[in-house]
Amino acid sequence: MTSITYDDLGPFKIIEVYEPSINLRGTLVVDNVARGPSIGGVRMAPDVSTQECFRLARAMTLKNAAADLPHGGGKSVLYGDPAMPPKQKEELIRGFACALAEVEQYIFGPDMGTDERCMGWVRDEIGRAVGLPRELGGIPLDEIGATGWGLLHATRVACEFQQRELAGARVAVQGFGAVGKHAARFLAAEGAIIVAAADIRGTVSCPDGLDVGKLLALKEAGGNVIDYPAGPGVTTGDAESIIDVPCDIWIPAARPDVIREDNVDRLRTSMVVSGANIPMTLGAEKRLHERGVLCIPDFIANAGGVICAAMEYQGASEAAAMQTIEEKLTYNVRRVLDIVRKENCLPRQAAQDMAARRVRRAMALRRWSLF
Ligand code: NAD
């Protein structure tokens with residue numbers, strides 16, 4: 001059963017697409033475009049739903065506003081196994097793009113089950129896509145570490161707030177993929193000590209610090225972080241054991257809901273900077289707040305990727321995109337932490353209020369409130 005909550009922010013449009021000749025079924029939700037055309041990814045999976053699409057579209061409205069981008073929020077879902085034969089996948093993506101060609105308030109982006117190649121097909125059909133291959137003017141945000149770069153700047157501001165030095169701070173990074181490995185690389189370059197890293201196969205830790213170059217080389221060669229060479233202080237454990245590693249900064253960059261009410265008290269850190277989307281339950285986040293652990297929420301801290309995509313859409317260079325990520329993350333995390341300092345509220349609440357205020361201010365300048 002589809003249940004959508006309509007409120008003053010949206011959703012503005014919900015479009016269901018169906019074309020039986022190619023077994024195409026999909027949904028687009030354009031939540032709010034008061035700040036500009038919406039940007040949001042196309043998620044492809046067999047079990048997506050209109051409800052999920054709406055939740056993700058609303059999250060994009062807030063994320064894009066929190067990043068202070070001239071874009072609203074939207075999202076689309078396509079029913080199907082993303083590992084289907086490439087020809088069939090291409091037909092579906094091209095068909096979906098054509099069906100939505102006239103919805104100019106939505107710019108396609110990659111998400112789970114879709115990638116830059118898919119965005120190339122969308123661009124070929126309707127000209128409106130971000131996250132493009134380099135050959136089509138795209139900025140390869142995972143390759144350059146756009147989200148990890150944003151996490152560095154979010155962490156730097158959070159350290160200022162806690163009056164601690166980033167250089168010498170002990171960092172644990174859960175997930176060593178596109179987000180986690182670059183976050184580790186950028187943080188280590190600023191003098192932070194990476195005391196633990198985990199991927200799906202396990203955790204490696206060392207209180208004196210791991211050599212990030214060696215970890216990156218292992219992943220590059222298709223290995224896992226637990227293949228790290230043995231040495232004094234180096235220990236390995238299962239993937240979950242990174243939760244127990246004492247550190248100053250804990251960076252989730254893997255899966256949703258890894259920190260919950262039942263394991264949150266195992267965390268021994270002063271700060272969590274979220275690279276992954278919804279890595280913690282709200283209850284766990286509240287518990288950390290009560291314990292005085294500072295949590296920089298996902299949709300503020302991991303906005304580097306979407307900022308990079310928006311810059312690509314404007315035709316900006318890679319260097320300009322990185323510069324903008326640094327400026328926006330620094331400014332936005334400072335704004336959120338100013339509110340936290342004044343109101344002693346959850347950083348997530350402060351960030352959501354700030355984003356919603358920005359959307360409502362834009363709506364007040366429009367003839368119609370939502371478009
Ligand atoms: P990825 O697939 O490149 O990497 C994920 C990493 O997590 C891998 O190293 C994998 O082994 C590890 N992992 C998976 N399950 C694990 C577990 N149980 N314990 C420890 N490690 C585990 O993905 P990514 O692009 O780095 O994205 C990571 C998270 O960040 C996702 O939640 C994604 O939605 C979010 N995110 C990504 C971007 C981006 O720019 N790529 C932007 C914003 C948010």
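How do the residues of the shell around the ligand divide into nonpolar, polar and charged?

Modeller: The model is a predicted one. The shell around the ligand holds 9 nonpolar, 7 polar and 3 charged residues. That shell consists of 19 residues, and the closest are D142, T147, A178, V179 and I200.

Some contacts can be described atom by atom. At A178, a backbone N or O atom lies 3.0 Å from an oxygen atom of the ligand. I200 also takes part through its backbone, where a polar atom is 3.0 Å from an oxygen atom of the ligand. N277 uses its side chain instead: a polar atom there lies 3.1 Å from an oxygen atom of the ligand. On its own, the ligand has 830 Å² of accessible area, and the protein covers 70% of that.

Now the charged pairs. Side chains of opposite charge can pair when their charged atoms come close. In the whole structure, a search finds 27 salt bridges. One of them joins D124 and R94, with the closest N and O atoms 2.8 Å apart. Because D124 is in helix α3 (residues 116-126) and R94 is in helix α2 (residues 86-99), this pair ties together parts that are 30 residues apart in sequence. D124 is exposed, at a relative accessible area of 54%.

A salt bridge also links E160 with R334, where the closest N and O atoms are 3.1 Å apart. Here E160 belongs to helix α5 (residues 146-161) and R334 to helix α11 (residues 318-343), so the parts tied together are 174 residues apart in sequence. E160 counts as partly exposed at 40% relative accessibility, and R334 counts as partly exposed at 38%.

Another pair is R348 and E285, whose closest N and O atoms are 3.0 Å apart. Finally, salt bridges with shared partners join K87, E90, R94, D124 and E125 into one network.

Notes. Residues numbered from 1 in each chain as written. Predicted model: local features only at pLDDT ≥ 70, side-chain atom pairs only at ≥ 80, totals over all residues. Heavy atoms only, no water. Near = heavy atom within 4 Å. Polar contact = N/O pair within 3.5 Å; in protein donor to acceptor, adjacent residues only side chain to side chain. Areas by Shrake-Rupley, 256 points an atom, 1.4 Å probe, with all protein chains shown as cover. Nonpolar A, V, L, I, M, F, W, Y, C, P; charged D, E, K, R; others polar. Salt bridge = Lys/Arg side-chain N within 4 Å of Asp/Glu carboxyl O. Helix = DSSP H or I, 4+ residues; strand = E, 2+ residues; numbered from the N terminus. Buried < 20%, exposed > 50% of the residue type's maximum accessible area, 1.4 Å probe, protein only.
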